[in-house]
Protein chains: 2
Amino acid sequence: MTELQIAESVTPKHIKEIAYKLGIPEEKLEYYGNTKAKLPLEGIDEKKVKQNTLILVTAMTPTPPGEGKTTTSIGLVDALNVLNKKAVVVLREPSLGPVFGIKGGAAGGGWSQVIPMVDINLHFTGDFHAIEKANNLLSALIENNIQSKTRSLGIDPRTVVWKRCMDMNDRGLRNIVAALGGKAGGVPRETGFNITAASEIMAILCLASDLEDLKERCGNIYIGDTWKGTPVYAKDLNAHGAMAVLLKDAIKPNLVQTLEGNPAIIHGGPFANIAQGTNSIVATKMGMSMRDYTVTEAGFGSDLGAEKFLNIKCRAAGISPKTIVLVATIRALKYHGGKSLKDITQEDVIALKKGLPNLERHIESLKSFGIPIVVSINAFKSDTDAEMQLVKEHCKTLGVPVALSYGWEQGGKGCVDLAEKVVQAANTCTQEFKPTYNLEDSIIGKMEKICRTIYGGDSVVLSDVAKAQLRKYEAMGYSDFPVCMAKTEKSFSDDKKHLGRPVGFDVHIREFELATGAGFIIPIAGNVLRMPGLPGIPAAEKITIDKDGTIEGLF
Amino acid sequence: MTELQIAESVTPKHIKEIAYKLGIPEEKLEYYGNTKAKLPLEGIDEKKVKQNTLILVTAMTPTPPGEGKTTTSIGLVDALNVLNKKAVVVLREPSLGPVFGIKGGAAGGGWSQVIPMVDINLHFTGDFHAIEKANNLLSALIENNIQSKTRSLGIDPRTVVWKRCMDMNDRGLRNIVAALGGKAGGVPRETGFNITAASEIMAILCLASDLEDLKERCGNIYIGDTWKGTPVYAKDLNAHGAMAVLLKDAIKPNLVQTLEGNPAIIHGGPFANIAQGTNSIVATKMGMSMRDYTVTEAGFGSDLGAEKFLNIKCRAAGISPKTIVLVATIRALKYHGGKSLKDITQEDVIALKKGLPNLERHIESLKSFGIPIVVSINAFKSDTDAEMQLVKEHCKTLGVPVALSYGWEQGGKGCVDLAEKVVQAANTCTQEFKPTYNLEDSIIGKMEKICRTIYGGDSVVLSDVAKAQLRKYEAMGYSDFPVCMAKTEKSFSDDKKHLGRPVGFDVHIREFELATGAGFIIPIAGNVLRMPGLPGIPAAEKITIDKDGTIEGLF
């Protein structure tokens, strides 16, 4: 059975039944069909948030198809419900870029999926579209102000850093020259598109406490300078009101269900390599307000998603997880031990042993936060007993509990061992997480602490462009921002070829982006791209639908 | 009261009550909240379509704010229901371009509106977004194929005519150079964006008979040539399956209601100056299947919307209106008589008299179709008795019935006179419309017939570029396509300054676009743009939302 066939083999409950479990009355729901609904923001209860047990799911350095954080998160929540714990999973919304690029959605897998999976992986409730429109309305207003004589702010077109965005892997939009075609076409300038998941508007939506805060943050977006060198913000263009109107529904979290009928909240979709990589604060707090256990994930490896989840999101929201689940797979460990991608389903204890330092480094990095850790081995049919045993023993020597998880094959009941170990670990957690850096540290100081404590590297090296940008942004008064690292997800270092546990490396910062609305600064490391391209044979080529509406090729 | 305050003063009925009036059972609806739903395509009944009385609402040459076709269409349907006729209005979806550009939505006005008007004017049910994504997925696949070595079709990048699209008035995207930044960024080439309303995908959605037809049409889109000169179609890129998946919900018409609780179907949103300008065939036929009277509108003046509604849409769908309502306003007539826009609310019988030839020319053009005509004067407070009397008498001498319509002020009861005259006229209609041209005519022949019969011009003049394109497209075998004229809406001619009834002019075709999926060829006349810009002071600047969700400045 394909992922899609499994997903469609289950008849979903009406979403009002799921909402009922969360204590949300029917009349407060905004339906999008019978199986999706938007939740009202007034559902957040800060007192309940404080009492909740928050579990973060992160992973070792991933192989290209990912190691199953979402699958594990869903399996864990279903298992907690099997154990009669009231639990909810809070996830990110998928981007169309990967859907049409590399085969693979972001709605879990096997018997640990959220449904309706086709809708979730396509337009869902339109949040990505709304974010894209708000982003691009600001672009159109900038372009118009540069062109217009009526209301000119005197923007120097060469300084405009605000980019357009599109939720599509389209390398042709990465670097463009816009506004050509003569006088009526605007003032020509170099610019480009980010993928929507990397838009500052996505970051704002995920960090905003409510619609008013979102509007204010939109107004605070820095877009470039005037000819005289004065910084220009979106509010100078009177853009933030209309942007907030476009986002009035997008800010509300979306309710769906797991295949086992447990509540799932899905909201916001920043990538963890080029953005903060975790779902919205309002979604997490909504989950925390309504259930005793809230399971959430942060994208890619712990060096990216978990670091930003804790240092940026948890710090801003005033929340702290009680346990961190670190997902690993036997096949990924072999990959990090030098096995080629096509051979990772063959037994190879030697490669596995060579790959363990990657897991080790993630455990070390996570220990710096002072929160209990549980390793979850996401089981695949190709794993052998000898391999399983090796990983289990290694974790034992490191003093970290380990569970074998069969969420893909068995759903919730395949993750009961994990759920029990997570509950046990959470009960031992007595403190809030310890951040990697203080906001008072310099921007360089913050990056260096992340580099050493989380990546296990030596130092941070800035390009000349980056140095000049940092001087400027510090002079503008933004030194106390947290940093949102943009770095390859394929290595602890900024070089995707350095698998396993790289040592003795520096992190090279090519340039900075300033996100004054989101409230962080983005150091861009190595050659990571904020607008991906499609692979040689895009997944889109195999996707189709017949006259009865039956979809094929989508997972 | 603003339009928005009026719209929000009425408590909408639950959409299932509206569906009930149409005979659609609750379980067939896909809800988008409580006041919007998607309708299943199986609701179309060709036998009922044949028996239905279809009314087309068109207008004289408009002033910038428009003359109230949508308001009249809604008022007329409410009035027909007052007269106990079972009637439904079928409209187009608004574009965000005008919403953020010039103040003014597309959901009617005053007491003749469709609700929920804010949603309808913003993201609605996401159809525009889906169209944009399908359009831009094809662009990304083209860019990727040019770049890729794995699966190259040998596309010559200089020949690619397929553009990206965005639902935004952003002049900076009209002409761009894309795919810069070196080897990883693609092969640099000139290209640009159309506004989404002008995308061929929009045209396809509005002409497709079902999802299968839509997929096939998407596959038939011509995108450019190989280095060897062979035409390349979307199906050569295996793009159409994934495009159809993106459009699987967008192809379903949307049900909402008028302020008086009558059914309104809103679907598709092509502009009439740069596209075919009428809602989808499936939406019109759905309305015709469910009620006795179906009122629909076609954008801008009758030279654009009505001409294309009849020659393209009705011909393709095998339907024919029984009456054409021609909307005029006293103030627009004065404008065409030389009164400046800011003075058109002052009484001026002389200017009015001078403007009447514009109305006269629309009546003459429409008479060529052989369908009964009713003139509807959309009343404004500034109109005087003397002015009203003059127009009424003039219509009488032309032998055309005329009604004064007070839809804005009074809703349905203000349009009863119009409704009665429409019913009367429709009862006299004994034949189907006579097309302006035959499909067997040459492309030039078709354009010349439109120019003479509809615009009242002399001839059609092609630029050298257009001549070369036409030779090529005819050689490719597309001579039997209908033509979808792209021309300014401000004049019968291709020069927007020629108000009133211009005579002795030629229509200049700058270039052609070939829409092999939609199945027509687009002659682009004069300097009409398929990606508009924002005005000096965009409406977006005044739009905002407060912490309670109250919106201001949106109409």
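Predicted model: local features only at pLDDT ≥ 70, side-chain atom pairs only at ≥ 80, totals over all residues.
Contact here means heavy atoms within 4.5 Å. For bookkeeping, residues are numbered from 1 along each chain as its sequence is written, chains are lettered from A and ligands numbered from 1 in the order in which they are written, and side-chain values use heavy atoms, with hydrogens and water left out.

**How the two copies relate**

**The interface**

- Chain B puts 69 residues into the contact, and chain A puts in 69 residues.
- About 5,900 Å² is buried between chain B and chain A, with carbon and sulfur atoms giving 64% of it; buried area is the accessible area (1.4 Å probe) that two parts lose on being put together, summed over both.
- There are 33 residue pairs in polar contact between chain B and chain A, both at pLDDT 80 or more. A polar contact is a pair of N or O atoms within 3.5 Å; within protein, one must be able to donate a hydrogen and the other to accept it, and residues adjacent in sequence count only if both atoms are side-chain atoms.
- Eight salt bridges cross the interface of chain B and chain A, a salt bridge being a side-chain nitrogen of Lys or Arg within 4 Å of a carboxyl oxygen of Asp or Glu.
- D170(A) forms a salt bridge with R164(B), and their closest N and O atoms are 2.7 Å apart.
- The largest share of the side of chain B that touches chain A comes from α7(B), with eleven residues. Helices (H or I, at least four residues) and strands (E, at least two) are DSSP runs, numbered from the N terminus.

**The three-stranded sheet**

- In chain A, three strands make an open sheet in the order β19-β20-β21, with mixed pairing; two strands pair if DSSP finds at least two bridges between them.
- β19 (459-462) and β21 (520-525) of chain A sit at the edges with a single partner strand each, so one side of each has no neighbour in the sheet.
- β19(A) and β20 (residues 506-515) of chain A run parallel, joined by four bridges, and S459(A) has D506(A) as its bridge partner.
- Chain B also has an open sheet with the order β19-β20-β21.
- Six bridges link β20 of chain B to β21(B), and these strands run antiparallel; L514(B) has I521(B) as its bridge partner.
- Helix α19 (residues 464-475) of chain B packs on the sheet, touching β19, β20 and β21 of chain B, and makes about 40° with the direction of β20(B). Axes are lines fitted to C-alpha atoms, for helices over the stretch in contact, and angles run from 0 to 180 degrees between N-to-C directions.
- Helix α18 (residues 443-455) of chain B lies across β19, β20 and β21 of chain B, at about 135° to β19(B).

- I115(A) and P116(A) are joined by a cis peptide bond with omega about 5°, and P116(A) lies in the loop between β6 (112-115) and α6 (117-121) of chain A.
- In chain B, the peptide bond from I115(B) to P116(B) is cis, with omega near 5°.
- F300(A) is a residue other than glycine with a positive phi, near 50°; its place is in the loop between β15 (293-297) and α12 (302-317) of chain A.
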